[in-house]
Amino acid sequence: MMSNATMQDVAQRAGVSVATVSRVLNGSDKVIEETRERVLQACQELDYSLHLAAQRLRLGKTNTICVILPFLTLPSIVERLRGVQEALLDSGYDLIPFNVGSPELRDSRLFDLANRSRTDGLLIISMPINNKQAERIANNDMPVVLIDSDKPEINRVNVDDQEGGRMATEHLVNLGHRKIGFISSHLENPLQFSSTLNRYRGYCKALDTASIPINSSYQKEGEHGREEAEEMALSLLQQPDPPTAIFASSDSKAVGVLDAAKKMKINIPEQLSVIGYDNIRDAEYLNLTTIQQPLFQAGLVGGETLLRLIDQPQMGPEEIILPVELVIRETTAPPRI
């Protein structure tokens with residue numbers, strides 16, 4: 001006989017709350033080991049796992065939510081994923097991440113996962129989708145939320161990266177800098193990320209507003225990574241007439257700029273101002289001036305939006321724009337005269 005036990009029965013048997021049972025079943029690390037063992041023992045005694053599997057089949061649900069994301073090693077991606085995990089913590093859904101690093105793998109994952117027999121909902125982080133993929137999602141009635149990506153017919157959570165790039169550059173201009181460098185990942189890339197390009201557009205807009213000519217020799221783009229950013233910064237700083245300030249399109253790249261300055265014995269901020277983007281944990285530790293975008297909040301709101309969409313499939317598409325903020329610390333100052 002299949003057990004008819006519920007999550008409430010498991011909670012009562014283990015002497016914990018229903019929320020705690022949900023955390024254990026979803027693999028949360030916020031439950032102490034003794035409590036986890038009690039919950040798992042109660043599940044075994046009540047055959048709850050078997051009941052749960054049968055319930056999922058009977059309801060035509062997988063009780064899973066999948067997330068497609070690139071470059072899981074990037075701090076900004078990790079922070080968004082943490083927000084998603086928080087949103088789903090007590091939802092009863094298992095979270096399954098899929099890390100993709102190429103257009104081919106992205107397209108394959110999207111094709112496979114845009115299917116209600118595979119997952120109950122899909123989150124896509126920093127991965128633009130094309131019209132064909134959007135059509136498959138719509139035809140399969142798949143609940144989908146985009147985070148850091150844009151498609152008007154799909155629910156999405158974004159920040160205004162162009163405004164963030166403008167704010168970062170304007171801060172340097174207001175300090176008196178006119179020779180302002182910009183380093184970033186590739187503006188044109190196979191996965192078609194748009195956030196870096198939008199930050200660059202904001203950089204150009206602020207320079208244009210200040211009547212500062214855009215100097216292509218002050219711009220460098222390359223692969224992701226701190227070491228790559230260091231090499232780009234060294235190239236800028238070794239010019240005969242180097243920039244007095246550098247806007248890095250991420251905090252990780254800004255750290256690479258600081259490494260380059262240290263190698264060249266350039267004092268920060270007296271001889272070079274540096275500003276990043278994201279406000280990851282390292283930024284506060286290094287007293288880095290940066291643009292704060294709500295990474296964790298974006299993941300949290302994206303996860304909550306997907307849960308509402310699963311419960312209310314008739315909910316129309318909307319875009320939620322989260323604010324960015326300039327955080328001034330100790331790596332920016334007026335240029336030396």
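1. Phe182 and Tyr200 are both buried in this predicted model, where buried stands for under 20% relative accessible area, exposed for over 50% and partly exposed for what falls in between, with a 1.4 Å probe and protein chains only. Local features need pLDDT of at least 70 and side-chain atom pairs count only at pLDDT 80 or more, while totals for chains, interfaces and linings use all residues. Residues are numbered from 1 along each chain as its sequence is written, and side-chain values use heavy atoms, with hydrogens and water left out.

2. Across the whole structure, four aromatic pairs are found, a pair being rings of Phe, Tyr or Trp (its six-membered ring) with centres within 6.5 Å, called stacked if the planes are under 30 degrees apart, edge-to-face if over 60 and tilted otherwise. Phe182 and Tyr200 make a tilted pair, at 5.4 Å centre to centre and with 50° between the planes. Because Phe182 belongs to strand β6 (residues 180-185) and Tyr200 to helix α9 (residues 195-209), this pair ties together parts 18 residues apart in sequence; helices (H or I, at least four residues) and strands (E, at least two) are DSSP runs numbered from the N terminus.

3. One aromatic cluster is formed by Phe182, Tyr200, Tyr203 and Phe247.

4. Two arginines deserve a look. Arg136 sits over the face of Phe111, 3.8 Å from the ring centre, and Arg199 lies over the face of Tyr277, at 3.8 Å from the ring centre; the criterion is NZ of Lys or CZ of Arg within 6 Å of the ring centre and within 35 degrees of the ring normal.

5. As for cysteines, the count of disulfides is zero, taking a disulfide as a pair of cysteine sulfur atoms within 2.5 Å. Cys66 is buried at 2% relative accessibility, and Cys204 is buried with a relative accessible area of 15%.
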